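Biologist: Good morning. Could we go through this structure together, one topic at a time?

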Amino acid sequence: MIVVIPTSTRESWYQETVTLDGVDFVLTCAWCERERRWYLDIATADGTVLRSGIKIVADRPLTQRMTDDLRPLGELWCLDWTGLDGDPDLRDLGARCALLYVEEDSVV
């Protein structure tokens, strides 16, 4: 199954707790104005940082290289709905681009 992660088109930094494959994780999305890019941090529900500074790029797996045993078992993606393969700008995450989670049993 694919889960759409709620994101904000208004904030340049936000944090939310999401359940991925039955486990709670804290996702932090932060906009870097200097680079004009979004970055993602992933932590366990108790605040243990699993990965920090993941560059959010469109149409590529974001967590594929995570090796920590506590990581999400599926895969996070940023999908450009337009098909143009454009990375999300400040107001695009949650609009033109969506943050998606492909659950473990659906990962190819």
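Biologist: Let us start with Cys78. Is Cys78 buried or exposed?
Modeller: Cys78 is buried, because its relative accessibility is 1%, below the 20% limit for that class. Please keep in mind that this is a predicted model.

Biologist: Which cysteine sulfur is closest to that of Cys78, and how far away is it?
Modeller: The closest one belongs to Cys97, at 4.4 Å. That is too far for a bond, because a disulfide requires two cysteine sulfur atoms within 2.5 Å.

Biologist: And what about Cys29: where is its closest cysteine sulfur?
Modeller: For Cys29 the closest cysteine sulfur is in Cys78, 9.5 Å away, which is again too far for a bond. Cys29 is buried, with 1% relative accessible area.

Biologist: How many disulfides does the count give, then?
Modeller: The count is zero disulfides.

Biologist: Let us change topic to Thr28. Which strand holds Thr28?
Modeller: Thr28 belongs to strand S3, which covers residues 23–32. Thr28 has a relative accessible area of 9%, so it counts as buried.

Biologist: What does the side chain of Thr28 make a polar contact with?
Modeller: Its partner is the side chain of Gln15, at 2.9 Å. Leaving aside residues up to four places away in sequence, Thr28 touches Trp13, Tyr14, Gln15, Tyr39, Leu40 and Asp41.

Biologist: Now Thr44, please. Where is Thr44 found?
Modeller: Thr44 is in strand S4, made up of residues 37–44. With 11% relative accessibility, Thr44 is classed as buried.

Biologist: Which side chain makes a polar contact with the side chain of Thr44?
Modeller: That is the side chain of Asp46, at 2.4 Å. When residues up to four places away in sequence are not counted, Thr44 touches Asp24, Phe25, Val26, Leu50 and Leu70.

Biologist: One last topic, the pockets. How much space lies in the largest pocket?
Modeller: The largest pocket holds about 160 Å³ of space.

Biologist: Which residues line the largest pocket?
Modeller: The lining consists of Arg51, Ile54, Lys55, Val57, Pro61, Leu62, Gln64 and Arg65.

Biologist: How many of those are nonpolar, polar and charged?
Modeller: By class, there are four nonpolar residues, one polar residue and three charged residues in the lining of the largest pocket.

How values were computed: Residues are numbered from 1 along each chain as its sequence is written. This is a predicted model: local features need pLDDT of at least 70, side-chain atom pairs count only at pLDDT 80 or more; totals for chains, interfaces and linings use all residues. Side-chain values use heavy atoms; hydrogens and water are left out. Helices (H or I, at least four residues) and strands (E, at least two) are DSSP runs, numbered from the N terminus. Buried means under 20% relative accessible area, exposed over 50%, partly exposed in between (1.4 Å probe, protein chains only). A polar contact is a pair of N or O atoms within 3.5 Å; within protein, one must be able to donate a hydrogen and the other to accept it, and residues adjacent in sequence count only if both atoms are side-chain atoms. Contact means heavy atoms within 4.5 Å. On a 1 Å grid over the protein atoms alone, a cavity is a set of points where a 1.4 Å probe fits but cannot get out, and a pocket is an open set with protein on both sides within 12 Å along at least five of seven lines; lining residues have an atom within 4 Å of a point. Grid points are joined across faces, edges and corners, and a volume is the space filled by probe spheres set on the points. Ala, Val, Leu, Ile, Met, Phe, Trp, Tyr, Cys and Pro count as nonpolar, Asp, Glu, Lys and Arg as charged, and the others, Gly among them, as polar.
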